[in-house]
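Reader: Hey, can we go through the aromatics and the surface of this one together?
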Amino acid sequence: MSNANNSHINRDLDLSHTRREVWLVKVPKYVANRWDKSLGTNEVGKLKISRLAGQKSQVQLSLSEAELCLEDSGEQSIPKEHRLDVSYVTRQSLGVFSHAIPSDSDAVIPESEKLYMEGRIVQKLECRPHADSVYYKRKSESITKASIPQRQVQRLARIEPKFKPIVINYFLLQIRLKKKFKGKKYRDDIETVLISLFAAFEKHQYYNIRDLHKITNQPMKYLKTVMKDICNYNLKNPHKYMWELKPEYRHYKQESLNEMTENNGSDSD
């Protein structure tokens with residue numbers, strides 16, 4: 001048998017109260033808080049059930065004076081009278097279960113816990129307060145409390161160092177602006193770019209696009225658009241993937257052309 005099966009231990013379930021019918025009641029949070037603070041011997045309230053022929057039962061809950069007088073820090077007065085809206089459970093099978101744990105801490109082992117079925121749920125009830133003056137006051141205070149912003153402006157009695165503005169002189173500002181715009185390239189007018197390109201092609205006949213990008217300091221997409229009008233892109237050896245001026249823009253002398261060709265050959269080597 002695997003370890004997973006060993007972790008599930010068979011326990012006996014006491015089904016003596018299976019036929020007992022119980023209610024599932026939903027109460028407001030303020031009622032639950034008062035009941036948690038009350039002693040087990042105190043009366044928490046009274047139920048009044050009115051049955052009329054052909055109608056649902058009318059259930060009323062009246063909290064006891066002992067519950068209303070309990071001190072609850074930060075809690076305002078709560079309504080005394082409540083009605084319970086009844087709905088029947090027809091399409092579900094709901095039950096209430098409990099388990100008893102031995103009082104001796106040394107004997108607390110899974111085998112010693114006993115399970116009980118306390119009854120089956122036949123009705124659901126939702127507790128609602130009557131719209132009286134206490135209810136409206138409580139509701140108004142809740143809305144006012146919820147509308148208070150969590151962050152508020154506070155007036156300082158003295159100036160704190162952490163709130164002092166940072167002093168920036170002119171030279172520090174220039175350094176920050178330079179760092180901010182460093183690496184950003186802006187488009188120059190076409191004539192300025194053409195002058196830089198023609199000056200570069202006077203030195204060498206063939207260029208890689210990355211070299212022209214560094215020389216002109218222009219955005220790559222904009223540079224290619226300008227070069228398509230004045231340059232040809234080689235797709236064959238020996239100057240594959242290199243750019244050169246179109247024949248109508250070339251003004252090389254034969255000696256200069258031979259010298260540039262030699263220089264390009266040595267650069268490629």
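Predicted model: local features only at pLDDT ≥ 70, side-chain atom pairs only at ≥ 80, totals over all residues.

Reader: OK, rings now. How many aromatic pairs does the search of the whole structure find?

Author: The search turns up four aromatic pairs. One of them joins Tyr135 and Tyr136, with ring centres 5.7 Å apart. Their planes sit at 65°, so this pair is edge-to-face.

Reader: What about Phe201 and Tyr207, how are their rings arranged?

Author: Edge-to-face, because the planes of Phe201 and Tyr207 are at 85° and the angle for that label is over 60 degrees. The centres of those two rings are 5.2 Å apart.

Reader: Are those two buried or exposed?

Author: Phe201 is buried, at 0% relative accessibility. Tyr207 counts as buried too, at 7%.

Reader: Switching topic: which residues form the nonpolar patch on the surface?

Author: That patch is made of Trp23, Val25, Leu47 and Ile49. Together they have about 340 Å² of accessible area.

Reader: Which elements give two or more residues to the patch?

Author: Two strands do: S2, covering 21–26, and S3, covering 45–50.

Reader: And where does Leu47 lie?

Author: Leu47 is in strand S3.

Definitions and conventions
Residues numbered from 1 in each chain as written. Heavy atoms only, no water. Phe/Tyr/Trp six-rings, centres within 6.5 Å; stacked < 30°, edge-to-face > 60°. Buried < 20%, exposed > 50% of the residue type's maximum accessible area, 1.4 Å probe, protein only. Patch = residues over 30% accessible without salt bridge, like charges linked within 9 Å, V, L, I, M, F, W, Y side chains within 5 Å. Areas by Shrake-Rupley, 256 points an atom, 1.4 Å probe, with all protein chains shown as cover. Salt bridge = Lys/Arg side-chain N within 4 Å of Asp/Glu carboxyl O. Helix = DSSP H or I, 4+ residues; strand = E, 2+ residues; numbered from the N terminus.
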